[in-house]
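Please read it alongside the coordinates.

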Amino acid sequence: MNIAIVGTGYVGLVSGACFSEMGVNVTCVDVDTKKIENLKNGIIPIYEPGLEDIVIKNTKEGRLKFTSALTDCLDDIEVVFSAVGTPPDEDGSADLRYVLEVARTFGQQIKKYTLLVTKSTVPVGTAMKVKKVIQEELTKRNLNIPFDVVSNPEFLKEGAAIEDFMKPDRVVVGVESEKAKSLIDKLYKPFMRNSYRMIFTDILSAEMIKYAANAMLATRISFMNDIANLCEIMGADVDMVRKGIGADPRIGNKFLFPGCGYGGSCFPKDVKALIKTAEQNGYEMKVLKAVEEVNNKQKSILFEKLQNHFQGDLSEKTITLWGLAFKPETDDMREAPALVLIDKLISQGCKIKVYDPIAMDETRRLIGNQIIYCKDMYDAAVDSDALMLITEWKQFRIPSWSVLLKTMRSKNIFDGRNIFDKKELVHLGFNYYRIG
């Protein structure tokens with residue numbers, strides 16, 4: 001089976017690599033010619049565990065190819081996946097220019113029945129716009145070539161994307177024809193040997209499922225952060241509360257960990273887009289507006305705790321940050337809480353020393369050398385007035401407290417992910433602050 005995937009970002013590259021691993025002939029397309037040349041040479045533009053090995057292997061074996069133009073491969077393609085970016089506009093709505101450009105090229109170039117699959121996260125109703133653009137281009141060509149448009153949203157977790165794709169908990173597909181359904185079913189069946197987890201819906205419902213899923217997860221995070229903040233005021237232990245409610249099978253224990261706010265490429269963008277979609281259709285998403293408000297406030301909570309500890313005077317203080325990426329096992333800095341914290345610390349005249357095992361190059365690309373990038377976690381803590389845990393990388397979970405006691409100037413720990421033992425740290429002589 002021959003397919004093309006337009007867009008070699010996170011979703012497109014992971015999808016292309018995993019399909020090729022299952023024996024599909026995949027051509028990945030991207031207008032960024034430098035990125036394409038790098039990929040041909042095994043240089044991967046993102047960090048994702050296991051991705052580089054799969055890309056290099058399948059490129060060498062000829063199942064995974066890269067090009068800068070869809071027209072180079074379209075004649076032999078049965079299915080085209082659109083996995084281009086949908087960045088938020090200033091008003092929070094999703095920018096569909098790249099999605100519609102793919103549709104335009106598709107309509108201008110197809111010569112036989114071809115299936116276009118929207119893999120990008122797009123607002124509800126986008127498939128209708130895509131179909132209209134394709135039909136307009138076919139009409140300009142005076143051709144009546146059959147085609148189908150399918151919605152196939154992705155549910156990959158950064159840091160575990162290969163595992164998620166190869167062993168999906170579900171594959172959601174919005175279809176309108178049996179021919180399209182059969183093609184997609186054939187493509188995903190190799191991933192379903194143990195249990196069949198395809199969910200076929202109408203297209204509008206498939207588009208809504210993606211947004212609703214991310215909005216629900218974001219809601220759980222903001223809810224627990226709200227509860228954690230109230231627990232702190234009231235004297236309750238948020239970890240005990242989390243375990244107590246998570247034991248209820250109607251609730252479950254996933255996404256109930258309080259922290260210093262969510263970030264990444266999905267939750268912030270998708271919550272904004274769903275709020276905007278509702279507004280455009282005369283409805284107000286009151287719950288999601290509160291979710292967004294809580295999260296924006298939560299990104300400043302460690303800064304507020306730091307300010308309170310030093311009674312508002314942070315000038316010339318040396319602050320250490322462990323972790324920069326919005327979550328472990330990725331270098332993604334989009335909407336990362338660390339960026340909000342760094343900006344606030346800089347405004348107060350702090351000296352900032354940071355360490356992240358993967359995301360320092362990406363952070364440097366975004367904000368330059370306003371902060372000090374350190375060789376390891378202990379180097380970052382030397383002469384520090386406070387250590388702030390932002391991203392819960394595994395290597396941060398059991399640090400050598402004896403080393404920190406010797407090297408830190410002041411013994412202040414601010415735990416943004418609640419991974420340390422409060423009793424242990426207080427016993428050792430640290431001032432310990434956490435979420436909730």
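**Sheet pairing, surface and salt bridges**

1. Phenylalanine 414 has tyrosine 433, in S14, as its bridge partner. The model is a predicted one. Strand S13 (residues 412-415) runs parallel to S14, and 3 bridges join the two.

2. Strands S13 and S14 belong to an open sheet of 6 strands with parallel pairing, ordered S11-S10-S9-S12-S13-S14. Strand S11 (372-373) and strand S14 (431-433) are the edge strands; each has a single partner, so one side of each lacks a neighbour in the sheet. Helix H13 (residues 337-347) packs on this sheet and touches strand S9 (318-322), strand S10 (351-355) and strand S12 (386-389). The direction of H13 makes about 175° with that of S9.

3. Strand S5 (residues 114-118) pairs with S6 in the parallel sense, over 5 bridges. Leucine 116 is placed opposite valine 149 of S6. How many of the residues of strand S6 (residues 147-151) are buried? The count is 5 of 5. Phe147, Val149 and Ser151 lie on one side and Asp148 and Val150 on the other, and both faces are covered. In a regular strand, side chains alternate between the two faces of the sheet.

4. A nonpolar patch on the surface consists of Leu230, Ile233 and Met234, with about 370 Å² of accessible area together. Leucine 230 sits in helix H8 (residues 203-234). Its relative accessible area is 46%, so leucine 230 is partly exposed.

5. The structure contains 30 salt bridges. One of them joins glutamate 101 to arginine 104, with the closest N and O atoms 3.1 Å apart. Both residues lie in helix H4 (residues 97-109), 3 residues apart, or about one turn of the helix. Glutamate 101 is partly exposed at 40% relative accessible area, and arginine 104 is partly exposed at 29%.

6. Arginine 365 and glutamate 362 form another salt bridge, with a closest N and O separation of 2.7 Å. These two are also 3 residues apart, within helix H14 (residues 360-367). Arginine 365 counts as exposed, at 59% relative accessibility.

7. Aspartate 237 and arginine 434 form a salt bridge whose closest N and O atoms are 3.9 Å apart. This pair links distant parts of the chain, 197 residues apart: aspartate 237 is in the loop between H8 and helix H9 (238-246), and arginine 434 is in the segment after S14. Aspartate 237 is partly exposed at 30% relative accessibility, whereas arginine 434 is buried at 14%. Asp237 and Arg434 are linked with Asp239 and Arg242 in a network of salt bridges.

Key: Residues are numbered from 1 along each chain as its sequence is written. This is a predicted model: local features need pLDDT of at least 70, side-chain atom pairs count only at pLDDT 80 or more; totals for chains, interfaces and linings use all residues. Side-chain values use heavy atoms; hydrogens and water are left out. Two strands pair if DSSP finds at least two bridges between them. Helices (H or I, at least four residues) and strands (E, at least two) are DSSP runs, numbered from the N terminus. Contact means heavy atoms within 4.5 Å. Axes are lines fitted to C-alpha atoms, for helices over the stretch in contact, and angles run from 0 to 180 degrees between N-to-C directions. Patches are made of residues with over 30% relative accessible area and no salt bridge: like charges are joined within 9 Å, nonpolar side chains (Val, Leu, Ile, Met, Phe, Trp, Tyr) within 5 Å. Accessible areas come from the Shrake-Rupley method with a 1.4 Å probe; for residues, only the protein chains shown count as cover. A salt bridge is a side-chain nitrogen of Lys or Arg within 4 Å of a carboxyl oxygen of Asp or Glu. Buried means under 20% relative accessible area, exposed over 50%, partly exposed in between (1.4 Å probe, protein chains only).
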